[in-house]
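Have the sequence and the model open side by side, and let's take a walk through the fold.

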Amino acid sequence: MVSTAPKSTEKLVDTEGTVRLTVAQATIRFLANQYVERDGTRTKFFAGCFGIFGHGNVAGLGQALLQDEIDAAGASKEPGLKYVLGRNEQAMVHSAAAYARQKDRLQAWAVTASVGPGSTNMLTGAALATINRLPVLLLPADTFATRVSSPVLQELELPSSGDVTVNDAFKPLSRYFDRVWRPEQLPAALLGAMRVLTDPVETGAATVSIPQDVQAEAHDWPESLFAERIWHVARPLPERSVIARAAEIIASARKPLIVAGGGVHYSGAEEALAALCEQTGIPVAESQAGKGSLRFDHPQSVGAIGSTGTTAANALASEADVVIGIGTRYSDFTSASRTAFNNPEVRFVNINVASLDAVKQGGVSVIADAREAIEALSTALDGYRVGDEYRSKVTELAAEWEDTVSAVYAAEDGTPLNQNQVIGLVNTLSEPRDVVVCAAGSMPGDLHKMWRTRDRKGYHVEYGYSCMGYEIAGGIGVKMADPDRDVFIMVGDGSYLMMATELVTAVQEGIKVIPVLVQNHGFASIGGLSESLGSQRFGTSYRYRSPDGRLDGDTLPVDLAANAASLGADVIAVTTAAEFTDAVKVAKAAERTTVIHVETDPLIYAPDSQSWWDVPVSEVSTLESTQTAYDRYADWKKVQRPLINPSDRSKEIPQ
């Protein structure tokens, strides 16, 4: 038999040049050459890499980032990937997520941390990025692939599994996870991460875990791995038949309502949305992520919807016969825990790039890019207009709410400020293009219902995860993404104390932000929630223990203004509206981060949304306050809307 096998594969395979780099060096070079393209515009995808080094990444990714900044002779050069040192691993991920949101998910950051606690500190940030559908690349260090020195410092040892490390905790929190045990696995892992990061449907945290010995291992890489690669960010088109069905339903509506979510912003659909609602007269309510889809003073804008909504939007929602959700995932705050849409005949049209969200609430699912779907609907709805009576009602309800906001914004001269007035002053004194940033506590809800948004990127509240501590880190990310805007960070004392250290990063990088630090000596939001649930604000105030051992003694003597100053920021402490006004002028004129510190009364609330949020109350209790709260809870549960409406559902809404 004559063998037909080739004598040498070299004659059958075209070889290309190779370059010898460590796995870490190859990772940095690869990331520096990734681009995205949408609508013909090309953008470098990775703006840089945040990192805190320890054993596990200092000799790998740390060395690679250093080598990226200097040439062989030791002179500084323009890095392919800018490096920024953070102070807290979780905060670095928050900054990266905020940056990606401000850039409409068309740019991102990588984040690296050391083995063990350094990497697992990023878990909260991973959850936040994935829940909010924001692209962030996480590069946690891992223990030895060879296990030659095991157990190493900070290694998790399980008697039942030798290949599990603490980084496996990233798996349920990431949209993509891979571990690079061998250098040959790196290209597939990085390409897999890029696929997810640039996909509008799949995006979130992408985690590539690289053991510390593998990071430092050298390998011969094909030069093509480091060629510029362009990832197309798609705009999925709607099916004609589905648009026709959606238009048929909308055209039959007498009281339609649009719910605008974050997808409006990410697809750049604001102008298309404005044109549609001006053409049809359909009013627009906004989720937290969708706020700013229309200017607050647009004739069809009725503001925030749901548990933290305006009375205008919630009144219209309760009667709407067709609800058109655009780019919203219908969180419990948006739907008021399924009590917002109370018309027994209500129908839904849901426009979303993700089928997961498009099927929520039932109804017709239009799986498409928001801008493309809105433009298609505008054509299909040519000739449709809401009635004059409904249009007049929309105008009247919106005007009533604006009067309510103006009243609570008003501050008397010389008197201490409350939180409503602080928000009003920042809103009034800031420029239209300035950005307000918030995430947790009572202020996100107050901002949602009262902030008058004047620019599509002027409102940045993280409310998918509502993560305490996000504010300062997130504000830094927003400012890095949009350096020409002033960034006002609204943060309560509870959130501030969780992650104030990123003020040092702002000072280090020359990033000017304006934190407005509201001191109310505890958790205002959870204090109010606790009271409404009959739990009497238990455990929500920062106080000494009283003689009987309870945490209800005198207020703690915490000086947060001094703390902010100790971290390198300029600080202005104010009490009155006049002092606050002067402080904002100074802060806007300054070139450095300036904190405005103000004490407020946590018992003065924002106007009521006349809405509900489902937080269970103890069914049995010896406390009268809890018993009363449970009765109120049971009344609301009677009108909570299931996925499919029973025909005999009660229409009464408890007051």
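**A walk along the chain**

UniProt lists residues 74–155 as "domain: Thiamine pyrophosphate enzyme N-terminal TPP-binding", in an unreviewed entry. UniProt positions here follow the numbering used in this text, feature names are shortened, and annotations may be inferred rather than shown by experiment. This is a predicted model, so local features need pLDDT of at least 70 and side-chain atom pairs count only at pLDDT 80 or more, while totals for chains, interfaces and linings use all residues. Residues are numbered from 1 along each chain as its sequence is written, and side-chain values use heavy atoms, with hydrogens and water left out.

Back to that span: the end C-alpha atoms of residues 74–155 sit 35 Å apart, and the stretch is 33% helix and 21% strand. Helices (H or I, at least four residues) and strands (E, at least two) are DSSP runs, numbered from the N terminus.

Start with L31, which lies in helix α1, residues 23–31. L31 counts as buried, at 1% relative accessibility. Buried here means under 20% relative accessible area, exposed means over 50%, and partly exposed is in between (1.4 Å probe, protein chains only). What does L31 touch, leaving aside residues up to four places away in sequence? Its partners are F46, L81, A110, L137 and L139, where contact means heavy atoms within 4.5 Å. For a sense of distance, take Y99: L31 and Y99 are 68 residues apart in sequence, and their C-alpha atoms are 17 Å apart in space.

Next up is helix α5, residues 123–131, which is mostly covered, with 7 of its 9 residues buried. Those buried residues are L123, G125, A126, A127, L128, A129 and T130. They pack against α3 (89–102), α4 (117–120), β7, β9 (205–211) and α17. Just past the end of α5, R133 takes a positive phi of about 55°.

Now follow the chain into the loop between β7 (136–142) and β8 (176–179), where P151 is found. The peptide bond from S150 to P151 is cis, with omega near -5°. R147 is in the loop between β7 and β8 too, and it has a positive phi of about 60° although it is not a glycine. Q154 also has its place in that loop, and its phi is near 75°, again a positive value in a residue other than glycine.

The end C-alpha atoms of residues 243–377 lie 6 Å apart, and the span is 34% helix and 20% strand.

Look here for helix α10 (residues 270–280) and helix α13 (residues 370–380), which pack at an angle of about 25° with their axes 9 Å apart. That makes α10 roughly parallel to α13. Axes are lines fitted to C-alpha atoms, for helices over the stretch in contact, and angles run from 0 to 180 degrees between N-to-C directions. Angles under 35 degrees count as roughly parallel, over 145 as roughly antiparallel, 65 to 115 as roughly perpendicular and the rest as oblique. α10 passes α13 in a left-handed crossing; a crossing is left-handed if the near helix is turned anticlockwise from the far one by less than a right angle, and right-handed if clockwise. On the α10 side the contact uses A272, L273, L276 and Q279, and on the α13 side R371, I374, E375 and S378.

I472, A473 and I476 in α17 meet E502, L503, T505 and A506 in α19.

Last stop: V504, which lies in helix α19. V504 is partly exposed, with a relative accessible area of 24%. Not counting residues up to four places away in sequence, V504 touches R87 and L567. D446, by contrast, is 58 residues from V504 in sequence and 28 Å from it in space, C-alpha to C-alpha.
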